[in-house]
Structures are given as C-alpha cells and as structure tokens.
Amino acid sequence: MLSWVLKKILGTKNERELARIRPIVAKINAIEQDLQQVSDATLIAKTAEMKERYQKGETLDQLLPEAFAVVKNCARRFAAAKRQVEVRGQMMTWEMVHFDVQLIGGMVLHGGRIAEMGTGEGKTLVATLPVYLNALTGKGVHVITVNDYLASRDAEWMGEIYRFLGLTVGCIQRDQSPDVRRQMYQCDITYGTNSEFGFDYLRDNGMATTREDQVQRGHAYAIVDEVDSILIDEARVPLIIAGPVSVSSHQYDKFKPVIERLVQAQTVECNRWANEAKRLIDSKGDMEEAGRLLYKVKLSMPQHRILARIIEDGVARRAMDDAELVLYQDPRRIDYFKLREEAYFSIDVKSHDADLTERGREYLNPNDPKMFLIPDIATEFHEIEAKGGTAEEKARRKQEAQVNYDDASERIHNISQLLKAYCIMEKDRQYVVQDNKVVIVDEFTGRPMPGRRWSDGLHQAVEAKEGVQIDRETQTMATITIQNYFRLYEKLAGMTGTAETEANEFKDIYKLEVIVIPPNRKISRVDHNDSIYKTRRAKYNAIIQEIKAAHEHGQPVLVGTVAVDSSEVLSRMLKREGIPHTVLNARYHQQEAEIVARAGQKGAVTIATNMAGRGTDIKLGPGVHELGGLYVIGTERHEARRIDRQLRGRCARQGDPGVSKFYVSFEDDLMTNFGDSRRISGIMTALGMTDDEELEHPWLNKSVESAQKRVEQRNYSVRRYTLQYDDVMNQQRMVIYEWRNAILDTETPRTEVFEAIEKVVGDECSALLTGASADPEEFLQWVNTTFPLGLEKGDLPFDQGSDAVEKAVLQKITEAYELKIKFEQAEAIKHIERSIVLTAIDKLWQEHLYAMDQLRTGISLYQHAQKDPLIEYKKEAFKMFEQLMGTINAEIVNNSFRSASSLEAIENFLHSLPTKMVHDLSGSGLEFTLPLPGDFPGQELPPQSTPPAEEPKPSQGGGQHHGGGQHKKKKRR
C-alpha cells in the first residue's frame, strides 16, 4: 500500500528518470536551432573540436548536448536537401530528423542502459546520437545487430551521418579476411553481428600467434540492437570455435537401421494402444483403461498422430490426464514405471530425453540385452582389486573394463540421440535441410542458423536420420558464452521494443537497467482478447475465415506463426481458398526484409514465422488507414510474452491504426506442456461447446499469460544456472588469455621459457630430493631425459641439499641453452621461444576444455550424494586448473630443447652433444618441432618441410561454431 502511495506522489522510477532527462532535451534543441545558421564546414569542424576538448578533460556527459545537437542538425540538413543515400544497392531519400523521444532514447543508451522503444519509433536513428558521442573518444564503438543484412544496411544508411561529420565507419561481414576485419575494427564505428564480434575475440585471444594476427582493438562501448534477441534468446547457445578430431567414434550410421526398425515397432504398438483406447471410449467401456492406454502412447511417442486426433475429444483428453495424475502419485509410482516398460522406449518432451526400456534392449540385441546397459565401473574395479594378482594384471583388467565401459556409454549415447532425432526433432520445425545439410531454425525468429550445431552428438544423429553427410566429431578450440563476451565491454547499452518483461534478467546478469521510452505519437492499435478453441484444426479454420474476411475488403494481414510447418499448413489452406499471399519462413529468409516491408500494402497477406523481418518497418500503403491499418494475427502464443508483444508491435507504428489478435488451441505446445488446458477444456465441455466454437474472455488471456510466466521463469533459471557454471570457466579463460597476450607482447619470451624451467625443476627437486622417499637416481634420470645435459651423479652436489642441486641444474640448463641457440637463425630465436609457450598453452587448454565439458556433463550425479553440484564443480574445476597450469609448464620445459628453426640447426646441435646425451634424450622420445613456411621473416626451410595443415572446419559442439584458423607446427623425429 505504501509503495502504491509513493508511486502516486513521486512517480515510478522510470517516470522520475524521464523527468530528469527532459530539461537536457530542451538544451539540445536550443543548441541545434543555433546550428541551423552555420555552414556545413562549420558543422563538420565540430567533430575535431569536441575530440580536442575531450582530450583536454571535458567528459562525454559535458559534451552530450552539443554532440547530440550536431547529429540532429546533420539529419535535418539531409532531410531538407532530400539527400540520396545508397543502401544495399538501392537509392533512398533521407526523410528523418530526431524527435524529442529519440533524444531521450539516445541519452538512455549513452548512460549504459536499455531503451525500450516500440516498433516504428526509429531505434536505428536513435543510435546515431550516442554512437557519435562515444566515437569522439577514439576508442571505437561497436553496434551489434541480429544479422549481416541489418549490419551492412545500417552501416551504409546511418553511416552517411558519421562520414559527413568526419568519422570512419566499418562493417564486419561473414567470410571477410583478417586484414579487412582489422581495417573495419580500426574505424571509429564498427557494425556487425554478435557472433562475428565474439568469434573475432576468440580467434584474437585463443588462437593468434602474433599481435599482427589480432583484429580487434578493445571493448570500450557497444550498443546492441534487438538486445533481448541477442542477450537472452541467443545467449542460451555459446560461441564455439571447433576443429575436427583425428578419429571419429560415432556409430550413428551403424545404428540408424536398427533404430528405424525400433521406431516402426513402437509406432505399431502405439497404433494398437490408441485404437483400443478409441474403441473403449466410443463404446463407453472402461474409461480408466482407455486413459491408461492413451497415457502410455503419450509416454512412448508424444507426437503420435492418432493420439493427437483422439484427444481432440475432451472426454478422451480428461481420461488421459486422469491416468497421468493417478500414476504420478507416490503410491502408484511402481505402476508408472511398469507402464513405461511396456514400450520399447520412452520420450520426455519437456526435458528432451529418450530412454530405452528392457523391452527395447531385448529388441535391439535379443542375445545380449546387457549390451545396452552401462556397466558399474566402480564395482568392477573393486572386484578386480579383490581378486588379486600382479599390478600389471590388475592394470590390464582395469583397462579392459574401462574400454568396455566407454564402448557401452558411446553405444547408449548414440541410441539415445537417434531416438531424440526420430521422435522429438521435427523437420521444418526445429530444422530444415538445405544443400544436403541440416540447418537449425531459431525457435524465436524462425531464421536458419547456418554454422550452428546441436551439441552432444544430436546434430549428427539428425544428419543420420535425414540421410545427409554426417560431419566428423570435433574438439573445442575456443569458446565463450554471449553473456561473458558482452561483459567484456566497459560500457554496454541496448535497444528493443520488448525488454520490460525481462528487466530482472537484464539487471541480474548484465547490470543493465531498462528504461521505457514513451512513443512519439499515441499508439492507436486495438488488441483483441485471444480466441481459444479445443483443437488446432478448428483454430486454423477460424484463422482462415478471419483472413478471408479481412482480405475481401482490402485490409492487409500479417500472420505470425511459431514454426515453419505451421506457416506452410496455413499457406496450403489459403491456396485452397484462392487467397494470394506471401510466405516468409526459414526457407525464404534471404528475402525477409523485402517481404516484410511490403506487408502493409492494400490486400497483402503475409505469413511470417515468428519475428522474421525484425528491424524492418512496415509502412501502410495508400488507402490502408481507412481500412483499419495492418491486421496482425498470431496463430498461437509463444513461450515468451515479449515475442507476442513484438508481433503485435508490427502494426500501428507512429500513430497508424492497427489491429492484433491471437488464436489459441488446447493442442498448442504452450497449453499442452505448461497451461491449464484440462480445466478450461472441462469448462467448455460442461457448457456443451463444440470443437468449432470459440471461447473468448479476458480471464483466458490471464491464464495463457500465467503459463508464459511459468515458462519464462523456467528458462531464466536455466540460463542463470548455466551462466553460474560458465562463470567458473570464464575466470580460467581470462587467466589463459591474459597469459597468451602477455606472451604476444613481450620482447623477451625467453624469460617465460626459463620461468617455466625454474618452476618445474624446483618442483622436481622438492618431489624427488626431499623427505624419506628422496631418490637422486630418479631425479638424475628425469634431468637427462628432459634436458641435453648428460649428467653423472658426481656432477651434482646432492650432499649439499636440494637447493644447491636446483641451482646447479639450472646453471647447466642455461649453458646448454646458450649452446643450442648458437645454431639457430638469429631472427628466428624469439619466434621459436614464443611459439614454445603458445603451443603448450593452446594444446593443453583445448584438452582442458574437453575435460571441463566432461566434468560438466557428469557433475549432476553429485545430487544423489546430497551435494550441491555447482559447489562440487567449482572445487573440481579449481583442481583441474591447477593441474593445467603445472602441465603447461611441463610442456614448455619438454619442448624447450626440442624446437628449432631448421633441420640444419637440429643436426648441428645434436652433433655438438656427446653420444650419451643424445641417447638419454632419445629415451624420452626425441621429437623436434619445426616452424611452417612464413612463420618468421628470413626463414629458410629445407624442401621437404610440410605445408600448413588444413584449417579446421565448422563442426559439432555446444553452440554456434566457426572453423578454427590455427596452423599446427610440424614435428620431426
């Protein structure tokens, strides 16, 4: 109550912030009015003047009113002159001048916050204000968009202002060379997509071997367009640079035929159960048994077509729901598990899980059902120890047990992923097949995402299902989440039409406050209550009739669907009605901006998957205002409320008229999985309503929104939980990347090599020369197989203690190293020393990434021991990172005398050593690393030297992928 009173008196926080900003708007407009009297040259000179003032100590906040006024005045001059701007090959007339609300939005963005501005409010133009102001610092400004088209469009379109005022503009596009990218990043302002910026960061910090290889120049300030799409929707999938592994162990193609037979067998069983249930329902027989049969089909094949038709009937649905409710009660859990075992496998749509039953295992291999059970490796190891035997025998048996365990795990994993591919992953919904490749479809935008792959082998399983080429397994070379990439920026801002519903997440994860900017003109859109139907078929019929009625009097209609298959079903229905229309989905994404832009013309009917075409205004054609504006129809509610708001916002821009309405059925995924469809369906049945009758009431909208809130909270919890794990990885990543960059910057890489040598030698002295287990012989053997010293026991002062021995060994290593570098090409020495350290870091960091993936996969088992998996993950990750740092030092030491600039240098160095030294080195594997052609200036290599290795290609992993760009060094024995 007190909070409500205070808001009434003082206003909300959002209202108070807008009130604080408005006086600055008046100041900007006053300055801009004065600028209308000056020449173009005087206006352009303001940029250099303000840059100088900034360098002399004026803050950006102090420069803001004048800088914003300069940008606004530039836009006014363009509009007055009807300036022609070439954008994506088409000439456009400049017609824009900043409104006051756009000035407010610009100040919000400059303050490092999120500006929520409705569709058509000119967010693209708003960004020019803070971008120009922050570019005055010379540190570079990044503008992030959702796709390459919008990045290049905005760089050309808005870039006209920046270039006129004397600033440089760049644009990062897919497939640009490193040299071009470097030039783009050197510009004052750089446009691009989040994935391109993120991949460049990974390449720069995780793969570059010289500073010249790096393209970015820091992370000062970024504005993220469609910030909710990038920082929330796309944040679920990390960016990964992956390269192919040398040996692929997947068996998807091997198990595909047997899984196809298993799925067919399950389909036959489900048909039988469903038909028997229908017979019982039609004859008013045993309804409890009918419900049990239907629920068994739901557990076995949730998307079974006969089941979908049967439960269109409210009586059948209630019987199934009752059976589910009974079996989930604790006293009946045994019956639940027995019911699952009657099928060959079970599917959980919510958790995207698939499990073989005992019946399924027997079907796959009647002679050995245990082939598809994971062995209890701990018990087997215990039994091996109990049986006794020599250490070699026990080690051999344990190795065999481990191999069996790994093989069984791989088989079961392959089977599970293939079951998901056949029973959960739907073609033209979650993915499409283009150019003989499986391409994921973004569930929020409907856009295809080439280069992105599902993790954990699921993508390969879908490739096997579709009969396309199965790409090789990959290893992660570098990875970062979207969240942690954008946290790198000193100042981050964003803009979108829908951020308020996710304000808590933006604040919690990114420390970004959401400010809602009022529209320039009052919104005149009419939002109707949802129309709810029992079945999807009845809903689609109602939608077609609504489209037909609107089309007959010329009102344009934009139909938003959640999936490719929905859009194509509606398209076929419209064709039967003879209604001309345009379809925009993942199949036709390249034309999305053009198709959406035409959606406001009289008589147009456009079907768009979700929010395809975001960033493109829909302007109404002649005569459409009088018809009520654009009519937006949503074919079902999305899991996230903001996606629905985005669809509604496609109409009624800048005070235009418009209408929006959503159609919902109890068969929609949201209502089936998270809604209160059973209760509402019961009400409809009690009222005697038929499937084709419509139910419409405000409380139904609230019921749907309640389901959406539950899903949003669940998704937020998942993202937050995932981020907590990645924060651990991020801390380690920062340490490694800072170390790499220090190596790239140093002029004395030998210092790094000898620091590692000193650390490792000191550790070995402590381990082998102190305490009761001291073993000088073992220490001497280690020294001679690691370094070309050829020492005898009498050569070291073992009687004087470990410190004296350490000092003596380090002195001899230094002398040997000085001898080695005498045979090297002088200009190559620094490169070799730098390469020794970088190669060790990169090789072992990649192995560490794989190990961390495995740890993350299995850490949930700690829950069974009543332990917090996150705490245990942090503990294990810390231990693994300590081991990593020690292993990197050991690798540097191992390679310090095994890297050379040429074969001649190797031969001369080895010839200078006594035969015993070479023999001792050979005992540990005498392997030398040679550089590749062009690795350093003046390099001379013999003709037989190996050319650069093939670049790794995009491949499977946990997120969006790029092929790596790192060349391997050639090893010679």
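## Basis and conventions

Two strands are taken to pair if DSSP finds at least two bridges between them. Helices (H or I, at least four residues) and strands (E, at least two) are DSSP runs, numbered from the N terminus. The structure is a predicted model, in which local features need pLDDT of at least 70 and side-chain atom pairs count only at pLDDT 80 or more, while totals for chains, interfaces and linings use all residues. Residues are numbered from 1 along each chain as its sequence is written, and side-chain values use heavy atoms, with hydrogens and water left out.

## The parallel sheet

An open sheet is built from seven strands with parallel pairing, ordered β5-β6-β4-β7-β14-β3-β15. At its edges stand β5 (169-171) and β15 (514-516), each of which pairs on one side only. From one strand to the next, the twist averages 20 degrees; axes here are lines fitted to C-alpha atoms, for helices over the stretch in contact, and angles run from 0 to 180 degrees between N-to-C directions.

Within this order, β7 (residues 221-225) and β14 (residues 491-496) run parallel and are joined by five bridges. V224 has G494 of β14 as its bridge partner.

## E160 in helix α9

Helix α9 (residues 159-164) contains E160. This residue is buried, with a relative accessible area of 16%, where buried means under 20%, exposed over 50% and partly exposed in between (1.4 Å probe, protein chains only). Apart from neighbours within four places in sequence, E160 is in contact (heavy atoms within 4.5 Å) with F78, R83 and V85.

Helix α24 comprises 17 residues (536-552), which should span 24 Å at 1.5 Å a residue; the end C-alpha atoms are 24 Å apart, in agreement. The expected span is 1.5 Å times one less than the number of residues. Just after α24, G554 takes a positive phi of about 90 degrees.

The buried residues of α24 are A538, K539, Y540, A542, I543, I544, I547 and A550. Their cover includes the strands β17 (531-533), β18 (557-561), β20 (605-609), β21 (630-634) and β22 (657-665), together with α25 (564-576).

The whole structure holds seven cavities of 30 Å³ or more. A cavity is a set of points, on a 1 Å grid over the protein atoms alone, where a 1.4 Å probe fits but cannot get out; lining residues have an atom within 4 Å of a point. Grid points are joined across faces, edges and corners, and a volume is the space filled by probe spheres set on the points.

Notes: On a 1 Å grid over the protein atoms alone, a cavity is a set of points where a 1.4 Å probe fits but cannot get out, and a pocket is an open set with protein on both sides within 12 Å along at least five of seven lines; lining residues have an atom within 4 Å of a point.
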